[in-house]
Structure formats: structure tokens, C-alpha cells
Amino acid sequence: MHDLLLTPIVFLLTAVLLVPLAQRLGLGSVLGYLIGGCLIGPWGLGLVKNVEITSHVAEIGVVLMLFLIGLELQPKKLLEMRTIVFGGGALQMAVCGIVLAAGIHFSGLPLIAALVAGLALSLSSTAIAVQSMQERHLDNTPAGKVAFAILLFQDMAAIPLLVIVPLLGTKGGGGEGFDWMVAIAAVAAVYLLNRFAMRPMLRLIARTRLREIFTAFALLLVLGIAQLMTLASLSMGLGAFLAGVLLARSEYRKALETDLEPFKGLLLGLFFTSVGMSMNLGLLASAPLTIAGLTAGYVVLKMAALGLLARLLPVAPVQRWPFAALLAQGSEFAFVVFATARDAQVLPAPWDDMLPLAVALSMALTPLALAMGNWIGKTLHGVQQREADVIEPDGARVIIAGFGRVGQIVGRMLNASGIKITVLDNDPDLLETVRRFGFKVYYGDATRLDLLKAAEADKAILLVNAIDDVDSNLKLTDLVRSHFPHLRMLCRARDVTHVFELRSRGVDMIERETFESALLIAEKALQQMGMDAQTANLAKDKFRKHNYETLDALFPHFGDETKRVSIAQAAREALAQSFQQDGIKVKDEN
């Protein structure tokens, strides 16, 4: 068989066999890929020889992941996170770097080398941490958001670290190739490309209505920016993330996410597999106790420092140790830092082989560290994670997700009409209250596919998405669209932005949670000010109709704030003129 076909077949077969097995055993997909890499790499069965080329290709997965993360993180949101990103991130690197440097220095490494190693080891793997958060539904928790902010700072901090390391070695001057002006120019170029070229090009490509060309251009966009950053001696991932943030308000955001997501998943899997392949298992075989002690000491020290540091960050007590476990592993950037330090003769033998192996093993230990973090959190703070209820299918035709203020009213009306419903909610206190009033409500996260299947979503007719949290609401919408396309959805929306997010996902039955009540209050206010009941009711109906028409006009320009403001101002003037023409006004008391 030709090598061009053999290598991808080996990778795909390894993923198909080992990743589902690792998931089934509760170890997570990351550990499955790492174990697979060890098996097929040069220290295992030797089925794949050229690890270096594979690693370079696999880095594209990390680049795509950071681009997609950037798409989800709008500039306004990034500005709101600046305190955690720069304050929390700098504090994390300083504390972990000093603690780890001290530990390595006392183990026999010279001070300068120990400081470099400590800072490199204080970095965490964005790919593994984000993947672990998403698999465990931690990405929208306070701990997950703080962890992501710190990871973002680490990605930025890795750049000056790579510049400084060569200056410390006996081959000093290795950092002379880095030009800050070139770096700033590259970042400015990305901004200008986004401002004047990216969006017009996306618009032009979209008009061709050729999906494969749009996908090709999306890949070209990300890889081109990554290459531009590389030429400026910057991180490919940082450039991709910056491009994602700049395009976050684009009307093509959802299309970019949809087209790039499959590539990201496959290439991230390849990245983790290449990490497993790069592990020097020969060193592990020759000095197992030394490597085991080094890896265990690294993970425990870093996790302890992070757990104590979490007290100073906006992380709930029960989430402090899971947060520490999320960031306890080493980073893919650490491999680059150690290689640079070895070339500059900063890191002596055998540390130049032992430290990269410890980092790779710490990545493999992430699932175990997370299990340990959860156990410590529950033990120290006495919080028991309640398991989801076992759902007993009873042929219900309607599923209600979220049983708060909105869900309860919907449920009571359907129940009174003789319609069978299945209700899901993840607030244990609320469930105990409503159950006392005779409602049958199942505890569980409605955004979990297994619970929706247990609730027989494949047989239901309607799903009422009454979840109040916007992110969870949209997550459920995406899940239903992907796995139960036949299921009609009636969605609760918090505001106009939420309405547009739902409409962009193809939802057409949407109700804003306060809109109708606000109209009733406005109607009563008009009556209190002297308007007769019939005219006040006419005003309410005309406002409702006008508001829906305005939303229809605004929706195509959802990503263009200037256009939205212009349309909204024109609509307000048109409404006032319409009221005036129909004689809708309060009689003059004079």
C-alpha cells in the first residue's frame, strides 16, 4: 500500500478504535488519542515514521480551534474580560512559574535554566483544556470562563518567552531574528485585512452559492493569517484567534463555524495523536521512577498552586480544584520553548529530554487530574453532584426544557388541555418546590443528547425551549437542529439579539419573554393617562405589528451596527407618524 494512503488509514483506524473505547471508560477522547499515538509511533508499533511532519500538520487543528474560539468571543466581550485575562493570567504565570522553578532548581537544575523551565511549565494546553471543558460542559461555568481567560493570556505570553530564551544561552543572540516592528505591522495587517478585504471577499464568495468554495476560502483565510504571523515570528494560534475575534460580528460568523468545525475536530485529534507519538518512551523505560516522580511532582505542584490561586479569582469554592485540574497539564508551547532552550544551550542534558516527556505525560494525565479535582472539591466543600433522573417514557408529545417562570405557565396550560408533557430542568431547588405542587419534573441538563433521547425527542412533536440562560438556550437549539430536525421548536428569547441568534439557526417560532407583558403595561399606562380603552388597544396592536416588521428589516443587517441604528431610527419616526395619522394620542387636559 502507498505511504500516502497508509498513514491516514492508520490515523483514522486508531481514532475509530481507541477514542470511543476511551470515552466509554470515562477517560475522555484526549487520552484516547494520546494512547493511540503511543501505540502507532516510533516507540510503539512504528506504523508512522515521520512524527515531525505529522506534528506540523496537526498544529493546524489548534489554529482552527483558536480561530473558532475567537469567532465566539466578540471584541466587546474580550474588553469586559480584560481584568481576568491580564490580571489573572499574569498572576497565574508568576505564581506557578516561581513554584515550579523552585522545585526544579532544588532538583539540581541551574537557576536560569530552572526559571525558563518553570515559566514554560506554567503554560497549559489550550487544546486539551478547551476540549476537556466542552466534553464536561464546563465551558460556560465561572471556572471554565476564568480558565479560558488565563489560557488566552498564556498564548500571548508564550511569544516574548520564546524571544527571551535564546538571549539567556551560551549561543546568545538567537532572538535577534525577532523584530517588534514587524510583529506590530503583522497584527495591524490582520486588522486592515479584516476591515477592508475579508468581509467583502466573504460576501463575494457567498454570492457564488458554491458551498465548497466558501469552505475553501475559510480555510485559506485561517491558514493565510497563520502563515503571516509565522513570518513575523508570532504564534500561528494568536493570529488565528485575532482573526476570529475581528470576524465575530460578521454576518458570516455562523457559516464559518459550520464549515470549519469538522476540520477542527479531525485535526485536533491528529494533534493529540502526534503528541502521543512524540513521547520518548525509551527514556521512560530506562528511568521509570525518575520520570514518574518528575511528572507527578509537576502535576501536583502546579495543581496545588492553581487551587490556592483560585481563591483570588472569581471561581466558586467547589469549582476551585476542577479549575486547577483543567490547567494542571503542560502546554504544546512548552515543547517549542524546550527545543529553543536546548538549541541555545540553556537546558542541559538529560533535562532537555526529561521535561518534554513530563509535559506529554501530564497531558495524558489530564482526565485523571480532573477526576481528582472533582473529588477534592466535593470532599472539601461537601457538595454532591446530583445525577440526572432516569426518564420514564410515557409517550409525551411535548418536551419542555426549563421549568422556571415561563416553562411553568406553558406546562400548566398544556397539562390542563390534556396534553402529555415531559419536563426537564437542572435546578434541584426549583424541582423540589414544583414537585410539592404535583408536577412531574425530571432533573437533568436538557442540552445533553442522551437525556433528549431518553425523553423520546425522536418521537415528540414539539419542544418548548424555555431555558433562561442564553448560551444554554442556543446550545439546546443547535443540538435539536442537528439531531432531531423533525422536531418543531418554540423558543423563549431574552432580547432582540437572542431573537436574531435563534432566527439565524432557522427557528421561526420565537417569543420574547417580556414583550407581551410590556405591551400590556404600556396599554394600561395610556389608559391611566386619559386614553380610551379602544384607542389604547389599537396602539398596542399597531406597536406589536410595527415591531415585528422592524425586526424583519433589521435581521439581514444583524452584524452591521451602523445599519441597524439607521433602520431603528427610521422605524421610530415611522411609528410616530403612523400613530399621528390614526389619531392615537392622549387628549390634551387643557
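A residue is called buried when its relative accessible area is under 20% and exposed when that area is over 50%, with partly exposed in between. By this criterion, in the predicted model, the buried residues of helix α25 are Thr535, Ala536, Ala539, Lys540, His546, Asn547, Thr550, Leu551 and Leu554. Viewed along the axis of α25, these residues lie within an arc of 140 degrees and so line one face of the helix. Gln534 and Lys545 are exposed and belong to the face of α25 turned away from the buried side. The helix comprises 22 residues, and the distance from its first C-alpha to its last is 31 Å, close to the 32 Å expected at 1.5 Å a residue. The packing partners of the buried residues of α25 are α23 (496-504), β6 (510-512), α24 (515-528) and α26.

Helix α26 covers residues 561-581. Its 21 residues should span 30 Å at 1.5 Å a residue, and the end C-alpha atoms are 30 Å apart, which agrees. Four residues of α26, Ile567, Ala571, Leu575 and Phe579, are buried. Because they cover an arc of only 105 degrees around the axis, they are placed on the same side of α26. The buried residues of α26 pack against α25 (533-554). On the other side of α26, the residues Thr562, Glu573, Gln580 and Gln581 are exposed. Just after this helix, glycine 583 adopts a positive phi of about 70 degrees.

When neighbours within four places in sequence are left aside, threonine 295 is in contact with Ala358, Leu361, Ser362 and Leu365.

On the surface, a nonpolar patch is formed by Leu111, Ile112, Leu115, Ile164 and Leu168, which together have about 450 Å² of accessible area. The greatest share comes from α6, with three residues. Isoleucine 112, one of the patch residues, lies in α6. With a relative accessible area of 44%, isoleucine 112 is partly exposed, because this value falls between the limits of 20% and 50%.

Terms used: Residues are numbered from 1 along each chain as its sequence is written. This is a predicted model: local features need pLDDT of at least 70, side-chain atom pairs count only at pLDDT 80 or more; totals for chains, interfaces and linings use all residues. Side-chain values use heavy atoms; hydrogens and water are left out. Helices (H or I, at least four residues) and strands (E, at least two) are DSSP runs, numbered from the N terminus. The expected span of a helix is 1.5 Å times one less than its number of residues. Buried means under 20% relative accessible area, exposed over 50%, partly exposed in between (1.4 Å probe, protein chains only). The arc is that of the directions from the helix axis to the C-beta atoms. Contact means heavy atoms within 4.5 Å. Patches are made of residues with over 30% relative accessible area and no salt bridge: like charges are joined within 9 Å, nonpolar side chains (Val, Leu, Ile, Met, Phe, Trp, Tyr) within 5 Å. Accessible areas come from the Shrake-Rupley method with a 1.4 Å probe; for residues, only the protein chains shown count as cover. A salt bridge is a side-chain nitrogen of Lys or Arg within 4 Å of a carboxyl oxygen of Asp or Glu.
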